[in-house]
Amino acid sequence: MSINIDIKLKRASKIYHEGEVVAGLIQLKTNSDVKHDGIFLTMEGSVNLQLSSKNVGIFEAFYNSVKPIQLVQYTLDVAPSGKIPNGKTEIPFELPLKPRGNKSLYETYHGVFVNIQYLIRCDIKRNFLAKDVSKSLEFIVEDKASAKVEKDHSKIVFFKIMPESLQNTRDRPNVPRFCISGRLDSLYCKLSEPLTGEVVIEQCEAVIKSIELQLVRVETCGCAEGYSRDATEIQNIQIGEGNTCTNLAIPIYMIFPRLFTCPTLSTSNFKVGKNIIASYALKQNVNLQNYNLIFFQNLK
């Protein structure tokens, strides 16, 4: 006697906002009548934090793991003890998406040290001779305010990179002479829209092998014992290959991966930020410049 559980949401995108109702169906399939001790549906939302062993040490990271922050948590009794009939059974459900107590709902985000996740879980309790059966489904939470960008923030930013403007360069005298200019259409970005702009190689003494854009997340998390801060790569795209022509505008176009990015977030327990790194691979493999991208949440 086997039970197959599936959870279907009415909204195909699985994207919801605070205050909306998450509606769907619980689909049960069995090859015979099955007794159970109750069917329960749980909505959970939490922030899981992990200290980086690179910053605080392996021993401290293991014993000082930060407790998960519960954002949403409640359970509904879908059906009392009884039998699931042979064949296919569908049970509709509706769950309001509301934070727990005075908590705030943060956008869904899958990071390395910070993970914000929302789940709907169905549990079928059975007697001690049979195992309980459960099924989980993740849905995505977005903030309506984060989709808005004020006009004052949507300004074109022009940049110019030369050896004198480099930071954290140890061997500065050996850096070849170059001049690279360009623009970013805005430093304030919507996650649903691409990062756009252009870059122009005005002059460069060394032969360029590749021009790449790297999206990096900077995660900070910790507790009373201390904080850890680490940067990890999300994606890397190539916008130029080989020794590109000078004074030729090369377009910048980067789409943000939804689950691995979120609006810039700062709380008392953790922070999430983003960097965009323009890397020009020369024969000396020199990273020329970094540009911070600011993602806004709760814009008016």
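**Strand pairing in the predicted model**

Strand β13 and strand β14 (residues 195–204) run antiparallel and are joined by seven bridges. Strands here are DSSP runs of E of at least two residues, numbered from the N terminus, and two strands count as paired if DSSP finds at least two bridges between them. The structure is a predicted model, in which local features need pLDDT of at least 70 and side-chain atom pairs count only at pLDDT 80 or more, while totals for chains, interfaces and linings use all residues. Residues are numbered from 1 along each chain as its sequence is written, and side-chain values use heavy atoms, with hydrogens and water left out.

Strand β13 (residues 178–184) is mostly covered, since six of its seven residues are buried (under 20% relative accessible area, with a 1.4 Å probe and protein chains only).

A further set of three strands forms an open, antiparallel sheet in the order β1-β3-β8. Its edge strands, each pairing on one side only, are β1 (3–9) and β8 (87–96). From one strand to the next, the twist averages 20°, with axes taken as lines fitted to C-alpha atoms and angles running from 0 to 180 degrees between N-to-C directions. Strand β3 (residues 21–30) pairs with β8 over ten bridges in the antiparallel sense; there, Phe-93 of β8 is the bridge partner of Gly-24.

How values were computed. Helices (H or I, at least four residues) and strands (E, at least two) are DSSP runs, numbered from the N terminus. Buried means under 20% relative accessible area, exposed over 50%, partly exposed in between (1.4 Å probe, protein chains only).
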